[in-house]
Amino acid sequence: MRRRAFLALGLASTASTASTAAAAGLTGCASDGGGEGQSEDTNQVEVFSWWAGPGEKEGLDAMVADFEKKNPGIAFTNAAVAGGSGTNARAILAERLKNNDPPDSYQAHAGRELQGDVKAGKVEDLTFLYDREGWKDKLPTGLLDAITLAGKIYSVPVNIHRANLVWYSPKVLAKAGLAGPPRTWSELLSQAATLKAKKITAVSIGPAWTQKHLLESVLLGELGPDKYNGLWTAKTDWTGADVVAAIGVFGKVLAVSDLESAAGDWQPALDKVISGAAAYNIMGDWADAYLGRSKKLMFKADYEVATSPGSSGIYDFLSDSFALPKGAPHRAAAEKWLIECGSVDGQDAFNPQKGSVPARTDIDKSKYTGYLAKALADWQSASTTVVGSLTHGVVANTAWNAAIDTALAAFVRDRDATTFASAVAAGRTL
Ligand code: GAL
């Protein structure tokens, strides 16, 4: 089931090439990894990510601590640039890569986002590392597909996040007289009227990327997984009546959100759910790290989670991975960092703090408790349908994502679903 669902993402063709190449003994060896600007300097490593804020940095810190324990001779430079979903970081990284000033390793989402960097020749082939470390059979096939192009593997995934979740406070729902979170978007809209009477905003929201995250959840819930997948493979017509209607529902959800006073980032948007100013926030499971680890709230008593309306049984996945840019100044140390990212110890240090489940399949399950125990069970369940995230790099490349951002900003102003759908369809690039 997982394999079938992953296949629907349209990312799979390359992996079969990978297996064929491996079977034929054609995969790279260590010497393939030598990059331009390679240096013998092994005593430091600069790692670029966007995990600087609360709920983000705890996971990175935990993995860095394990890295430093295993590599006492290497000084770790944390080049994280704050800002949810890497909006700020990616712009700075692009500038650095353009100026031939790469970090030693950088965070990139598995899927079309990473594959764009591969096509642009920015990153090194890491197949040799997979062969050397024996990683190929330690990752789900669909995930391997998402980091593979033309038979070569280009990054090391550390985790699996789930995007299609609604976060709420059981206390706030009880105060509003609501029995539970909405199971459909139309139920959310009817709950919004009840909430409004109690002066509670139905949905809290943050900057543009969180609006896109909400859009993706509404599309998934309204269209179902097959049509949602088809949006990214041109099998579903963006300008069709069902998609335009789903975009209309998104407009109605925006209308019951606090868009006018939107939070500066995802953490303050979640704060509104805890304070009772808002009932719901649609966010990925990094929210569990923020609420449970950073704010030390109690799962179930202080905060709760459900699949976003209409998406029960679906895992809208994304994966944070680390790549090796060409010309990394401290390449040998960067390799050590990538080995940390790909290791059981690294992933079991990182993920319980990050609110994600490990990319590897052979990890220590006992480390995943509270929300994460359910996430891991759902991720590993054969009956779960896996789809890929738009906002977090899986299903659309960077150029298409940018076109969607522009169209979305216009839609948020004018609420014209037909124009939005046409702009998104026209912005598609392969
Ligand atoms: C995602 C990223 C997550 C988390 C989130 C909020 O794009 O994959 O790990 O950091 O943004 O910043």
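Predicted model: local features only at pLDDT ≥ 70, side-chain atom pairs only at ≥ 80, totals over all residues.
His 161 stands opposite Leu 318 in E12. Strand E7, residues 159–162, pairs with strand E12, residues 314–318, in the antiparallel sense, and two bridges make up the pairing. Strands of a sheet pair through backbone hydrogen bonds, in either a parallel or an antiparallel sense.

E7 and E12 belong to an open sheet of four strands, ordered E14-E7-E12-E15, whose pairing is mixed. At the edges of this sheet are strand E14 (357–358) and strand E15 (385–388), each of which pairs on one side only.

The second topic is the ligand. The space that the ligand takes is the largest cavity. Around the ligand are 13 residues, and Glu 56, Ser 85, Asp 320, Lys 354 and His 392 are the closest. Sorted by class, this shell holds five nonpolar, five polar and three charged residues.

For Lys 354, a polar side-chain atom lies 2.7 Å from an oxygen atom of the ligand. In the side chain of His 109, an N or O atom is 2.8 Å from a ligand oxygen. The side chain of Trp 50 has an N or O atom 3.3 Å from an oxygen atom of the ligand. On its own the ligand has 300 Å² of accessible area, and the protein covers 100% of it.

Note on methods
Residues numbered from 1 in each chain as written. Heavy atoms only, no water. Near = heavy atom within 4 Å. Polar contact = N/O pair within 3.5 Å; in protein donor to acceptor, adjacent residues only side chain to side chain. Areas by Shrake-Rupley, 256 points an atom, 1.4 Å probe, with all protein chains shown as cover. 1 Å grid on protein atoms, 1.4 Å probe; cavity = no way out; pocket = protein on both sides within 12 Å on 5 of 7 lines; lining within 4 Å. Sits in = over half its atoms within 2 Å of the grid points. Nonpolar A, V, L, I, M, F, W, Y, C, P; charged D, E, K, R; others polar. Pairing = 2+ DSSP bridges.
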